[in-house]
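Thanks for coming. I will take one chain and go through a few parts of its fold, starting from a single residue.

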Amino acid sequence: MTKRLLASWQRSQDYGVSAEGVDPAWAGQISSDSLFFQCGQEVLTAMHQTLANEPLGLMLTDADGMVLNRFSGDSSLLQALDKVHLAPGFAFSEREAGTNGLGLALADRVPSLVRAEEHYSASLRMFTCAAVPVFEPLSGRLEGCVNITTYTSSSPELLLALAQSAASHTSSLMLARSQGLVAKPGPRGVVFRVHGKLEPGAGTWRATSTSWTRALEKTAAALSAGRVVAALGEQGSGRSTLLGQALRQVHPRIRILCAAAPAPADVDAWLSLWTPELAKAGTAVIVENCDTLPAWAARDLNFRTEAALRLRRASAHASLPSLALTAEELSTIPQPLAAAVGTVVAVPALRERPEDIVPLARHAARQTRLRAIDFTPAAERVLTGHEWPGNIDELNRVVHAAALRTEVIDVQHLPASLSQRPSRRLTHMETIEREEIDRLLSKPGMTAAIVAVELGVSRATIYRRMARLGISVPKSST
């Protein structure tokens with residue numbers, strides 16, 4: 001039995017799954033309005049039409065293992081699947097059914113083939129299952145999987161190829177119907193990097209907003225106490241930066257290794273490459289996007305971390321933190337890695353701290369040209385008024401491109417999309433807010449800065465609100 005299957009059997013045992021039969025786990029009503037469901041339904045319908053006479057069960061599941069639909073032209077197979085509750089509306093993840101094709105594919109996030117005797121539950125050993133995960137092509141989020149099940153007596157050679165074809169077509173169809181945008185690249189390339197010790201007096205730019213400062217203080221206190229910290233928030237919001245700055249604050253001369261979760265097929269080699277660093281004195285590790293790790297890798301990483309901590313406790317470096325994590329939500333971090341987290345810190349998105357936008361932009365411009373680059377007030381207003389869905393990563397890309405073209409960044413050097421607000425109907429509260437700002441601006445000698453004082457908000461905030469509400473900035477404000 002392979003390493004992946006052994007790990008899955010161990011998880012099944014830990015979940016308390018019956019080794020005899022699958023207990024029915026009704027997961028609720030099926031939602032059919034998602035792009036994933038609609039595209040997957042279309043792909044499986046077409047595949048079923050060409051394979052109607054084959055003893056195959058074609059299924060789509062969500063990311064939690066709930067079966068969303070099922071196609072088969074073989075009545076005896078459908079009856080057999082019903083007996084083990086592999087049917088629409090039922091949950092069939094490892095937690096509910098033990099080791100099986102779709103459960104393993106969702107846990108490890110890679111294509112999986114589970115043959116008869118490899119199933120944890122004896123009631124499933126009459127089947128062979130092939131499953132392939134499907135990821136949302138723009139965000140990379142796990143949507144669910146395509147699962148194909150047949151009798152063990154049937155030939156399984158082409159089963160995984162069929163599932164991979166269906167999953168690939170589903171993802172391609174989702175992309176084609178998502179306005180033709182470019183898909184998010186896979187997490188290959190630089191999967192870890194090392195930051196050397198920081199010399200006394202050296203440092204990097206630090207945000208000054210209240211929300212960032214509070215998050216930094218909480219992180220530093222937890223790391224100082226030796227706890228594992230999970231920095232949670234949107235990608236690009238500065239989660240790793242927050243952890244790195246806190247580590248520098250607690251241990252200025254520490255060596256920091258940032259390990260970004262790679263593509264699922266590369267995880268085994270990735271773990272073997274850098275995890276020995278966990279036990280080294282004077283080294284801390286930040287695992288980025290740990291919520292994308294397969295379940296077996298999370299267990300392996302947690303085991304290696306605990307071993308490293310035991311070594312550190314036996315040395316003079318027990319106070320040094322060995323591990324910190326980044327993820328979007330705590331609930332998406334696989335167990336038992338999530339259970340090892342001692343402190344959770346919420347990292348605010350860039351749009352929630354507009355006072356950091358211009359200082360960050362100036363820092364990005366300096367990093368591009370290795371000297372200070374000026375911004376016009378109009379450019380600063382455009383930057384501050386943008387929502388930055390891509391957070392700091394998006395801001396850095398925009399400023400880098402502009403700084404390469406000019407010594408003074410103006411609106412003309414920024415993408416036109418930053419100044420274009422999507423047309424939408426304002427809510428009742430937004431309408432009241434707009435009317436109040438318009439009323440104040442209509443007074444003689446009134447500027448946006450004075451309006452900010454009147455409303456008790458910062459100047460950056462008022463510019464951001466005006467941009468969001470479609471209010472033009474008076475010339476006297478510039």
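I start with Thr326, which sits in strand 10, residues 323-327. Keep in mind that this is a predicted model. Is Thr326 buried or exposed? Its relative accessibility is 1%, and the cut-off for buried is under 20%, so Thr326 counts as buried. A polar atom of the Thr326 side chain lies 2.8 Å from the backbone nitrogen of Asn289. Setting aside neighbours within four places in sequence, the contacts of Thr326 include Ile286, Val287, Glu288, Asn289, Cys290 and Asp291. Ala231, Arg239, Ser240 and Leu243 are also among them.

Strand 11 itself is residues 343-346. Thr343 and Val345 make up its covered face, while Val344 and Ala346 are on the uncovered one. As background, side chains in a regular strand alternate between the two faces of the sheet.

Next, helix 11, residues 357-369. Its 13 residues at 1.5 Å each should span 18 Å, and the end C-alpha atoms are 19 Å apart, so the two agree. Which residues of helix 11 are buried? They are Ile357, Val358, Leu360, Ala361, Ala364 and Ala365. These cover an arc of only 160° around the axis, so they lie on the same side of helix 11. After helix 11 comes Leu370, with a positive phi near 60°.

Helix 13 contains Asn391. With a relative accessibility of 0%, Asn391 counts as buried. Asn391 is 34 residues from Ile357 in sequence, and their C-alpha atoms are 9.7 Å apart in space. What does Asn391 touch, not counting residues up to four places away in sequence? The list is Glu234, Gln235, Gly236, Ser237, Ala349 and Leu350. Two of these contacts have distances to report. The Asn391 side chain reaches the backbone oxygen of Gln235 at 3.2 Å. A polar atom of that side chain also lies 2.9 Å from the backbone nitrogen of Leu350.

In what order do its five strands run? The order is 2-1-5-4-3, in an open sheet with antiparallel pairing. Strand 2 (67-71) and strand 3 (112-114) are at the edges with a single partner strand each, so one side of each has no neighbour in the sheet. On average, neighbouring strands here are turned by 20° against each other, direction ignored. Strand 4 (127-135) and strand 5 (142-151) pair over nine bridges in the antiparallel sense, and Ala130 is opposite Ile148 of strand 5.

Two helices pack on this sheet. Helix 2, residues 35-50, touches strand 1 (56-62), strand 2, strand 4 and strand 5, and its direction makes about 175° with that of strand 1. Helix 6, residues 159-176, touches strand 1, strand 3, strand 4 and strand 5, and its direction makes about 25° with that of strand 4.

That is where I will stop.

Key: Residues are numbered from 1 along each chain as its sequence is written. This is a predicted model: local features need pLDDT of at least 70, side-chain atom pairs count only at pLDDT 80 or more; totals for chains, interfaces and linings use all residues. Side-chain values use heavy atoms; hydrogens and water are left out. Buried means under 20% relative accessible area, exposed over 50%, partly exposed in between (1.4 Å probe, protein chains only). Helices (H or I, at least four residues) and strands (E, at least two) are DSSP runs, numbered from the N terminus. The expected span of a helix is 1.5 Å times one less than its number of residues. The arc is that of the directions from the helix axis to the C-beta atoms. A polar contact is a pair of N or O atoms within 3.5 Å; within protein, one must be able to donate a hydrogen and the other to accept it, and residues adjacent in sequence count only if both atoms are side-chain atoms. Contact means heavy atoms within 4.5 Å. Two strands pair if DSSP finds at least two bridges between them. Axes are lines fitted to C-alpha atoms, for helices over the stretch in contact, and angles run from 0 to 180 degrees between N-to-C directions.
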